[in-house]
Each structure stands twice: as C-alpha cells, then as structure tokens.
Amino acid sequence: MTTTFAKSARTPFFGLLSLQSRAIFFAAVFLTFAPLSLMIISGLTPYREWWITAIYWLLSGTTAILFAGTYLISRKLLWFAIPLQFLWIILPGVMEVGRPVISFDGIASVVLVVLGYVFFVMFISGEGTRTLRLMTEMTLAQDIHATLVPAIVRRAGRLELYGRSFAGQEMGGDLIDVIETPSGVIVYIADVSGHGVRAGVVMAMVKSTIRMKLRHGDNLDELLRDLNAVLCELLHSGMFVTFACLRVNHDGTALFVGAGHGPVIHYRAADASLAFLESQHLPLGVSPVESFRAESVSLSRDDALLFMTDGLTEVFDAKGRPLGQRPIERIFRNHASSQLATTHEEILTSVRAFGRQIDDQTMLLAKVE
C-alpha cells in the first residue's frame, strides 16, 4: 500500500491522463495559438497565399504545444520550443520581403502572450499535481477503511454472520467486528458522529482500543467503561460514538449492552415475531461518569439479529420523506429464514431504491445455529 502511494505521488499529473484527454488538450492549445502570428501581421499584409497562412498556423500551434509539453512532459522540449518561437517571429520577414512585418509592438505582443501562456501552463501543472496528491490520499483513506472494516462472512461459535459497511465518503465512521473470546463470541457495531476522515480516525481508535481491552478479559461492562473513559479524554466536544454489543457464550446464554445506538432487531424463529434490544446508556464519549450494565438475552436456534446504523434509515425520497425503520423491519422479518447474504441484499436494495446514500451505511446480520 505504501509503495503504491509513493509511486502515485511521484507520477506526473499529465502522465495519468488518457490518450484522448491529452489529444484534446493539445488540440485546444494548437487551435488557440495557431492564428497568433497571422493576427499580428494581418493588418500589415491583408492578403496572402493560403499556404503561407497554413505555415503560420502550423508554426504557432506547434510552438504552443512544445511549450505546454515543456512543463507537462519534459523540460528538454524547451530546446525545440525556443528556436521555433523565434522562427515564426522572423519568418514573415523572410517570406514577405519588403513588407514591414516586424515591429516593436508586434514582438512585445508575442512575448507577452507567450509569457502568459507559460504561466498558465505552470499553474495548471501545479494545481494538477496538488489535485493528484489529494486524490492519492483519498484513495489511501479508502484502502485503510477497507482494511479496518472488511466484509464479514463467517461462522463463529454458535453464530453465522454476514455484514458489510459502505462509507458515505472516502472514509467512514461506522464499524462492525466479530471477536472470539474464551467465553464465546462478541459481535458489535459502532457509529462515530460526523463523516469523513475525522470520523474514520476515531473509528480506527475505537477498534484498536476494543481489541486491546479484550486481550485482558471479555466483561462487557468493563469494556464499555474503559472505552468510554478513553473517548471522553480524546474526543473533541460534540463528538461521540454510539455502540451496541452482543456476547453469545458457548453455553448458549447471551448478554447485550448498548450505548446510544439504535435498536438491534431480534427475529424470534419460534413465532416469527420481532423484539428489540434497546440501548439503555448514553453514547460513548459523552459522560465520564456513565456506568454500563449488560443484560441477558434469550436466543434460540434459528433466531436472527440485525445490527445497523442510521445511515440506512435516514435516506430520503424525492419529496424529502425519510425511509425510517419500519420498512427495514418488514423486509428483515420476511427474509429472516433466508440466507444471510440474501437478506442483506434485499434490505440494501430497498434502501438504495428509496433514496441516495448520504451517510455511512452498515449492516451486520447474525443467525443462531
């Protein structure tokens, strides 16, 4: 990844353009500057043979292209551009002997136009390089996000799991993870307030803190207490993290704790009903004195759970009406017995059909085996 970034950062902007884009650029340069020399002498020699006009155009346009190439391709082209520049300045005096075609104001006009063009090309080249660097950094951010929040397709303990996260920008603040511990399997979802790289950095911090904490025990109350303490110390005012976590033990018992997150939807296979695991605590990073307490949850074989962030419910149609949670509940209930990938696709397709994505969209499905 680092090698790719460094290579991209060193690549000239012009070198990344397609052949068609380069052709269009040089055609624009040629057509803009081809008539220049003719314009300068047109008042002195109002009529000339067509082939003389063509030569003027060819020399002017080619010179402009060489100057553009000097800054976009290679400085060596300057050795061709400068002689050709002087050639088409003095050529009228050679081809149209006896006519006063060279004057101070004519030469001065040419010099000013050439200098203006050179500065224009330098500006475009410099801005292109900066834009390329920014694009490269955004691509790197996307790669980092994909590494930190990969798609989840696996079995862990008594659970079959399927989840994906789609960032609203180059980098998102949503997080899903599955961690096996000596007691069982921990599944969680987190949503950092805000968008973009800033939220993504906090998301990475949350994941690393959780992973480190679980190396020393998997008590959910202590996990949220310590994570909240870290975030309260490090987050800027106004930032917070919503969090929902489930631990399914090897003996079949389960514990749930939530902090400001939307409800986790629980499909009960026995009677095809829906229940909701509600968050009972403030979001993480809000209050350093908040205490957390996990509650037991009854899970049975073939039960299914849906963890999701508000980027799925907060999409809007053309009239500005939000989707809400009810349509997602209905789809989840109707497809809870299907393959998890199918259920995920049905929900996501319905959400995307309702309105465009404006926030990170993350969903994690779990089925009890």
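**View 1. Strand S6 sits inside the predicted model.** Five of the six residues of S6 are buried, so this strand is largely enclosed by the rest of the structure. Here, buried means under 20% relative accessible area, exposed over 50% and partly exposed in between, with a 1.4 Å probe and protein chains only. Strands (E, at least two residues) and helices (H or I, at least four) are DSSP runs, numbered from the N terminus. This is a predicted model, where local features need pLDDT of at least 70, side-chain atom pairs count only at pLDDT 80 or more, and totals for chains, interfaces and linings use all residues. Residues are numbered from 1 along each chain as its sequence is written, and side-chain values use heavy atoms, with hydrogens and water left out.

**View 2. Welcome to the whole sheet.** Five strands make an open sheet in the order S3-S4-S5-S6-S9, with antiparallel pairing. Two strands pair if DSSP finds at least two bridges between them. At the edges are strand S3 (174–180) and strand S9 (295–297), each pairing on one side only. From one strand to the next, the twist averages 20°; axes are lines fitted to C-alpha atoms, for helices over the stretch in contact, and angles run from 0 to 180 degrees between N-to-C directions.

**View 3. S3 meets S4.** Seven bridges link S3 with strand S4 (residues 184–192) in the antiparallel sense. Look for Asp177, whose bridge partner in S4 is Tyr188.

**View 4. Two helices against the strands.** Helix H7 (residues 196–214) packs on the sheet and touches S3, S4 and strand S5 (241–249), where contact means heavy atoms within 4.5 Å. The direction of H7 makes about 15° with that of S3. Helix H8 (residues 220–234) lies across S4, S5 and strand S6 (254–259), and runs at about 160° to S5.

**View 5. The S5–S6 hairpin.** S5 and S6 form a hairpin with four residues between them. In the turn you can find Gly252, with a positive phi of about 100°. The two strands run antiparallel and are joined by five bridges; Ala244 has Gly258 in S6 as its bridge partner.

View 6. Ala254 stands opposite Val297 in S9.

**View 7. Stepping back to the chain.** The protein chain holds eleven helices and eleven strands. Of its 369 residues, 45% count as buried.
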